[in-house]
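Please read these notes with the model open beside you. Take the points in order.

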Amino acid sequence: MQQNELKIGLFGIGLDTYWPQFQGLKERLEGWLAEVEKRLADIHPQIVNAGLIDDPAKAFEAGHLFRKADVDVIFLYVTTYALSATVLPVVQRAKVPVIILNLSPEAAIDYTAFNKLNDRTKMTGEWLAYCSACPVPEIANVFARTGIRFYQVTGMLREESVWTEVREWVEAARTANIMFHNRMGCMGHYYSGMLDIYSDLTQQCAHFGGHMEIIEIDELSALRKGVSEADRAEKIAEFHRCFDIQPDCSAEELARCAVTSVALDRLVAKYQLGSMAYYYKGMPGSENEDTITSIILGNSLLTARGIPVAGEYEIKNAQAMKIMDSFGVGGSFTEYYAMDYKEDVVLMGHDGPGHIAIAEGRTKVKPLYVNHGKVGHGLSVEMSVKNGPVTMLSVVNRADGKLILLLAEAESVAGPILEIGNTNSRYKFPIGARQFVERWNAQGPAHHCAVGTGHIAGKIKKLGALLGMETMQVC
């Protein structure tokens with residue numbers, strides 16, 4: 001689905017005037033640039049290295065190189081003082097975000113050894129090898145005045161915390177690339193009256209890129225007719241491998257879900273979908289009702305294999321789920337269920353598909369005799385998100401039409417849940433349940449959000465920066 005792999009641009013900077021003045025300085029800086037390239041390549045192998053840019057002519061060449069290579073982000077390694085004129089043409093032409101690597105080769109200059117050189121030319125050359133911080137204000141000034149988005153990583157070349165931060169920038173850029181190339185299926189229609197979930201699809205494309213494929217549920221119903229008995233049996237076997245199917249689930253209902261799951265796989269393959277949002281009201285006794293009431297198990301399998309599916313046609317939340325999944329932390333569809341003031345937790349979950357790959361234990365399949373608020377009956381999934389750190393993400397539609405990323409970090413904790421055949425978990429927040437709910441609600445999100453494992457607020461903030469989107473963290 002994502003045909004274009006992330007490409008990273010890299011270049012170092014220097015000043016050609018220095019090379020004949022200070023013997024060995026250029027070679028030394030080029031060695032450190034090679035070290036940066038190796039560390040970057042260990043994180044992501046697709047690196048386009050323009051080398052050490054030391055005059056304006058090379059800067060223009062590098063800009064054309066990056067543009068031709070279609071890089072997604074540029075890492076600018078500041079090795080020594082360099083003129084801003086040797087930097088600006090590179091990033092102006094490439095037109096992608098820039099991460100400035102202000103990395104000193106060591107924690108400090110050895111002042112005693114430095115001052116014993118007794119040769120001011122050698123001393124200056126040695127200082128220039130350590131002065132990466134020197135041109136950063138000049139570069140930042142020019143970037144700010146020319147409207148170029150830039151971000152900074154400051155520290156030491158071999159400092160692991162620096163490379164942890166660089167890794168987060170790379171993962172954020174990779175996620176932005178995935179979102180740009182993602183094809184989302186929009187099947188059915190909105191839940192009537194649920195005003196908070198209505199979305200402007202053009203704004204979704206403006207902020208994230210991607211493509212929205214509008215799909216009729218009739219097509220899924222038609223695909224069900226082509227499912228063979230062998231296909232159905234194979235899918236039922238997959239259900240037994242992936243789920244803890246409860247004894248009160250009938251063979252007839254499992255078969256019905258299996259047929260729909262096979263049809264969903266074919267629908268996803270046909271349109272090369274990377275995510276989907278769906279809802280269909282349906283008429284009792286109709287073919288489409290049979291389809292929509294047997295869809296949860298198949299959509300849960302899709303979600304677990306990196307094609308997140310959001311119910312109630314919640315397109316914004318399908319985007320949030322895709323972001324979380326692209327970071328490798330899941331992204332399960334959820335909303336408030338209840339407050340537990342005794343334990344100071346918020347119960348959160350949802351009916352419909354869950355991200356079974358991040359479940360605490362095996363996901364149970366249970367029959368629902370009423371799909372609350374919807375037509376018909378069918379099989380559903382019951383799971384809790386793995387105990388431990390989690391991050392919640394919502395794509396919020398502001399009154400001015402712009403989208404922001406709203407997030408919170410919390411803990412999924414053990415304890416009793418509502419055993420009603422839905423996804424549901426207990427979440428504890430560092431600011432307490434009351435403060436979380438009030439601060440989250442104050443940002444005006446829709447009532448759905450995506451939950452993933454681990455604390456990844458730093459990565460999401462970097463994604464927001466690369467996308468030019470505001471990011472708000474409540475805790």
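1. First, a definition: a residue is buried at under 20% relative accessible area, exposed at over 50% and partly exposed in between, using a 1.4 Å probe and protein chains only. By that rule, F11 is buried, and F66 is buried too.

2. Some ground rules. This is a predicted model, where local features need pLDDT of at least 70, side-chain atom pairs count only at pLDDT 80 or more, and totals for chains, interfaces and linings use all residues. Residues are numbered from 1 along each chain as its sequence is written, and side-chain values use heavy atoms, with hydrogens and water left out. Helices (H or I, at least four residues) and strands (E, at least two) are DSSP runs, numbered from the N terminus.

3. Now the rings. Rings of Phe, Tyr and Trp (its six-membered ring) pair if their centres lie within 6.5 Å; planes under 30 degrees apart are stacked, over 60 edge-to-face, and the rest tilted. The whole structure holds 11 aromatic pairs. In one of them, the ring centres of F11 and F66 are 6.1 Å apart and the planes meet at 55°, so the pair is tilted. F11 lies in strand β1 and F66 in helix α2, so this pair ties together parts that are 55 residues apart in sequence. Elsewhere, ring pairs link Y336, F429, F436 and W440 into a cluster.

4. Look next at helix α15, residues 433-442. Which of its residues are buried? They are A433, F436, V437 and W440. These four cover an arc of only 95° around the axis, which puts them on the same side of α15. The arc is that of the directions from the helix axis to the C-beta atoms. An α-helix has 3.6 residues a turn, so residues three or four places apart point the same way. On the other side of α15, R434, E438 and A442 are exposed.

5. What do the buried residues of α15 pack against? Their partners are β11 (330-340), β12 (345-350), β15 (388-397), β16 and β18 (448-453). Contact here means heavy atoms within 4.5 Å. Just after α15, G444 takes a positive phi of about 70°.

6. On to pockets. On a 1 Å grid over the protein atoms alone, a pocket is an open set of points where a 1.4 Å probe fits, with protein on both sides within 12 Å along at least five of seven lines; lining residues have an atom within 4 Å of a point. Grid points are joined across faces, edges and corners, and a volume is the space filled by probe spheres set on the points.

7. The largest pocket has a volume of about 690 Å³. It is lined by 31 residues, and D72, K95, V96, P97 and R149 are the closest to its centre. Helix α7 gives the most to this lining, with 5 residues. The lining divides into 15 nonpolar, 8 polar and 8 charged residues. Ala, Val, Leu, Ile, Met, Phe, Trp, Tyr, Cys and Pro count as nonpolar, Asp, Glu, Lys and Arg as charged, and the others, Gly among them, as polar.

8. The second largest pocket has about 260 Å³ of space. Its lining has 18 residues, with E360, E382, M383, S384 and I417 nearest the centre. By class, they are 5 nonpolar, 6 polar and 7 charged.

9. Last, two single residues. S326 lies in helix α14 and is buried, with a relative accessible area of 18%. P20 sits in the loop between β1 and α1 and is exposed, at 73%.
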